[in-house]
Amino acid sequence: MFEEIKESKEAISEETVNALVSLKETLASAKELLRFGSEGSKIYLVCLFYVGENSLLILVQKWLKEFLLCQQIQLTICQSSEVLERDEIMKKFNEVTAQLEQALSAISYEKLDISDEVKEQVELVLAQFRRAKGRVDAPDVELYEDLLSLYNKNNDATTDPAVLRRLAEKLQLMGITDLTQESLALHEMVASTGGDPGESIEKMSMLLKKIKDFVQTDNPNLDAPSKEKNPYSSQGGQASSDRNHKAPVIPDDFRCPISLELMKDPVIVSTGQTYERSCIEKWLEAGHGTCPKTQQTLTSNALTPNYVLRSLIAQWCEANGIEPPKRPSSSRPSKTSSACSPAERTKIEILLRKLTSGNPEDQRSAAGEIRLLAKRNADNRVAIAEAGAIPLLVGLLSTPDSRTQEHAVTALLNLSICEDNKGSIVSSGAVPGIVHVLKKGSMEARENAAATLFSLSVIDENKVTIGASGAIPPLVTLLSEGTQRGKKDAATALFNLCIYQGNKGKAVRAGVVPTLMHLLTEPGGGMVDEALAILAILSSHPEGKAAIGAAEAVPVLVEVIGNGSPRNRENAAAVLVHLCAGDQQHLAEARELGVMAPLVDLAQNGTDRGKRKAAQLLERMSRFIEQQKQTQVQADSQSQIQQQPRPSSMANAVDS
């Protein structure tokens with residue numbers, strides 16, 4: 001969106017500029033909150049949420065407060081006990097999510113010179129933010145038990161390697177880079193306390209050392225950099241490692257515009273822009289014919305190695321003590337591979353063998369573990385797909401075991417987050433199986449099947465495939481029967497599918513309009529936003545318009561225009577515009593229901609799109625009222641003529 005705005009030659013209103021500035025500020029807050037989670041100590045965070053010792057919280061209060069305040073993130077500090085409430089961190093994540101949704105909603109996209117595709121993507125992102133508001137993940141009981149068992153052990157006590165493995169994987173401390181960052185983060189915390197780590201941080205240091213020893217023992221090829229030291233001595237003293245050691249900032253010109261990572265094999269496309277080879281290849285393989293950065297059409301798909309930039313990157317790496325990127329082994333480009341460790345790859349291979357074992361219990365447990373692994377991080381999603389798991393999971397969608405089926409469809413949902421995997425999932429014939437689960441599975445499986453279809457339908461050609469597979473009727477059923485989460489999953493999938501014109505009629509014939517009307521009027525009104533957004537799309541289709549009119553929607557739409565949220569008033573007006581096009585009956589009904597005053601208010605105070613829709617309706621209403629007046633004048637004139645006394649036949653004869 002920002003790229004298209006930047007390239008636009010149209011003037012941007014002050015109101016829109018202010019809204020974009022607000023979005024920028026909100027994105028900055030979100031970025032810094034994520035930095036707090038990623039750059040701070042992971043061990044500290046899980047101790048905060050799972051162990052929660054007051055002494056620990058007091059020790060880290062100064063460090064945490066200073067870090068957050070310097071990033072302009074306000075957290076409440078309990079002054080009476082000087083304890084930072086863990087709920088405030090969760091609250092801040094929810095607040096930032098809500099702020100992002102509000103900032104995106106405040107932008108008048110209709111006034112921006114951006115493509116319809118970008119507008120659709122913004123709507124999808126907004127729908128996801130609305131779904132995310134207020135949702136909290138369930139606690140990880142296994143993580144809590146593992147952490148507590150290690151946290152309360154003496155340094156010399158033996159530890160179960162399985163516990164260490166689970167902790168290292170869940171804390172994502174399986175690589176030397178992650179371990180180094182964790183070590184530095186703990187070091188910073190000690191520095192903020194004046195060099196006295198105390199018992200709690202000493203325990204965290206012991207925990208990090210155990211994880212580090214396990215990872216290095218499990219993977220002997222993993223060598224720590226010579227500069228990295230254990231941040232604390234066994235007596236709790238401050239480490240001698242370089243406290244101010246920071247990773248060098250990668251120059252922007254050395255980063256791939258797609259991945260934002262340091263380029264290893266930079267190549268030039270026909271527009272003159274440079275990208276990492278693997279990233280631009282994935283872009284081209286997905287069927288794109290434009291330059292990602294400039295949006296210019298590519299005259300060819302030829303990729304020319306940028307030897308000069310590669311040399312500059314190598315020189316920069318050597319100057320900063322970083323291993324230079326390895327040159328490609330051949331001119332044949334290779335697909336991006338996962339950065340998973342050999343141990344993780346071995347685990348995935350074992351799980352895949354269980355999937356093919358034919359043993360129902362092994363299949364169930366393996367599908368469940370793959371589901372969790374795929375949820376964890378992007379590397380896992382790539383590695384699982386590379387190992388050939390997708391066809392095996394697709395095969396389990398038709399299993400009679402409901403739990404295995406649920407694991408399989410949810411694993412596919414998690415794998416589909418990776419853009420490369422979307423095409424693989426569809427090409428593996430997954431859509432019919434997902435639709436089968438959507439029809440026959442448990443409620444949780446049906447909801448996750450709906451979410452999977454939404455994820456896959458982000459790609460335009462998949463909208464056609466999914467719509468042709470019979471997915472829309474069971475989505476409409478879930479929209480009616482599901483839990484609140486299930487209804488939102490179904491609504492989001494239907495919204496995305498109905499962006500494609502060919503799916504609108506299918507949705508109408510599946511009975512989606514009566515279901516949406518019910519959601520608009522049900523007590524609580526938790527689905528009003530989604531229902532109106534879908535109706536606004538369907539109302540532009542002839543069958544949709546007819547179905548909405550037959551559902552007696554005008555009174556509900558008038559009510560929303562008068563009392564709804566800005567976005568809902570806008571969508572309700574958009575639906576009414578289509579209903580009243582060439583249909584004076586709906587115009588007359590809306591007028592009788594008192595729509596004029598709310599329309600005038602919407603035209604003056606609504607969103608930009610809402611103002612335009614209200615203006616259209618007011619113009620049509622004005623013409624309709626004028627026509628009614630003319631018709632009434634003609635009727636009155638005709639009535640007066642008919643009421644005048646007619647002369648008798650004798651008088652006519654005399655006159656003649």
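Student: Buried means under 20% relative accessible area, and with that in hand, is Asn-496 buried or exposed?

Tutor: In this predicted model, Asn-496 has a relative accessible area of 0%, and because buried means under 20%, Asn-496 counts as buried.

Student: Where is Asn-496 found, and which residues does Asn-496 touch?

Tutor: Asn-496 is found in helix α23, and, if we leave out residues up to four places away in sequence, Asn-496 touches Leu-124, Phe-454, Ser-457, Val-458 and Lys-463.

Student: At what angle do helix α20 and helix α23 pack?

Tutor: Helix α20, residues 443-456, packs with helix α23, residues 484-497, at an angle of about 25 degrees, and their axes are 8 Å apart. That angle makes α20 roughly parallel to α23, because angles under 35 degrees count as roughly parallel. The crossing of these two helices, α20 and α23, is left-handed.

Student: Which residues make that contact between α20 and α23?

Tutor: On the α20 side they are Glu-444, Glu-447, Asn-448, Ala-450, Ala-451 and Phe-454, while α23 brings Arg-485, Gly-486, Asp-489, Ala-490, Thr-492, Ala-493 and Asn-496. Sorted by class, the residues of the contact of α20 with α23 are 5 nonpolar, 4 polar and 4 charged.

Student: And α22, how do the axes of α22 and α23 cross?

Tutor: The axes of helix α22, residues 472-481, and α23 come within 8 Å and cross at roughly 145 degrees, and the crossing of α22 and α23 is left-handed. From α22 the contact uses Ile-472, Leu-475, Val-476, Leu-478, Leu-479 and Ser-480, and among the residues from α23 are Gly-486, Ala-490 and Ala-493.

Student: How many nonpolar, polar and charged residues are in the contact of α22 with α23?

Tutor: The contact of α22 with α23 divides into 10 nonpolar, 2 polar and 1 charged residues.

Student: What about Gly-470, where is its place?

Tutor: Gly-470 has its place in the loop between α21, residues 460-468, and α22. With a relative accessible area of 25%, Gly-470 is partly exposed. Leaving aside neighbours within four places in sequence, Gly-470 is in contact with Val-435 and Lys-439.

Student: Changing topic, what is the order of the strands in the open sheet?

Tutor: The open sheet of 3 strands has the order β4-β3-β5, and the pairing is antiparallel. Strands β4 (274-276) and β5 (304-305) are the edge strands, since each of them pairs on one side only. Strand β3, residues 266-268, pairs with β4 over 3 bridges in the antiparallel sense, and Pro-266 stands opposite Glu-276 in β4.

Student: Which helix packs on the sheet?

Tutor: Helix α11, residues 277-285, packs on the sheet and touches β3, β4 and β5, with a direction that makes about 95 degrees with that of β4.

Student: Which phi does Glu-552 have?

Tutor: Glu-552 has a positive phi of about 55 degrees although Glu-552 is not a glycine. For background, most residues other than glycine have a negative phi. Glu-552 is found in the loop between α27 (542-550) and α28 (554-563), and Glu-552 is exposed, with a relative accessible area of 62%.

Student: How do the axes of α28 and α29 cross?

Tutor: The axes of α28 and helix α29, residues 566-580, come within 8 Å and cross at roughly 145 degrees, and the crossing of α28 and α29 is left-handed. Val-554, Leu-557, Val-560 and Ile-561 of α28 take part in the contact, together with residues of α29 including Ala-572, Leu-576 and Leu-579. By class, the contact of α28 with α29 has 9 nonpolar, 1 polar and 1 charged residues.

Student: To finish, how many helices and strands does the protein chain have?

Tutor: The protein chain comes to 33 helices and 5 strands, and buried residues make up 45% of its 656 residues.

Key. Residues are numbered from 1 along each chain as its sequence is written. This is a predicted model: local features need pLDDT of at least 70, side-chain atom pairs count only at pLDDT 80 or more; totals for chains, interfaces and linings use all residues. Side-chain values use heavy atoms; hydrogens and water are left out. Axes are lines fitted to C-alpha atoms, for helices over the stretch in contact, and angles run from 0 to 180 degrees between N-to-C directions. Helices (H or I, at least four residues) and strands (E, at least two) are DSSP runs, numbered from the N terminus. Angles under 35 degrees count as roughly parallel, over 145 as roughly antiparallel, 65 to 115 as roughly perpendicular and the rest as oblique. A crossing is left-handed if the near helix is turned anticlockwise from the far one by less than a right angle, and right-handed if clockwise. Contact means heavy atoms within 4.5 Å. Ala, Val, Leu, Ile, Met, Phe, Trp, Tyr, Cys and Pro count as nonpolar, Asp, Glu, Lys and Arg as charged, and the others, Gly among them, as polar. Two strands pair if DSSP finds at least two bridges between them. Buried means under 20% relative accessible area, exposed over 50%, partly exposed in between (1.4 Å probe, protein chains only).
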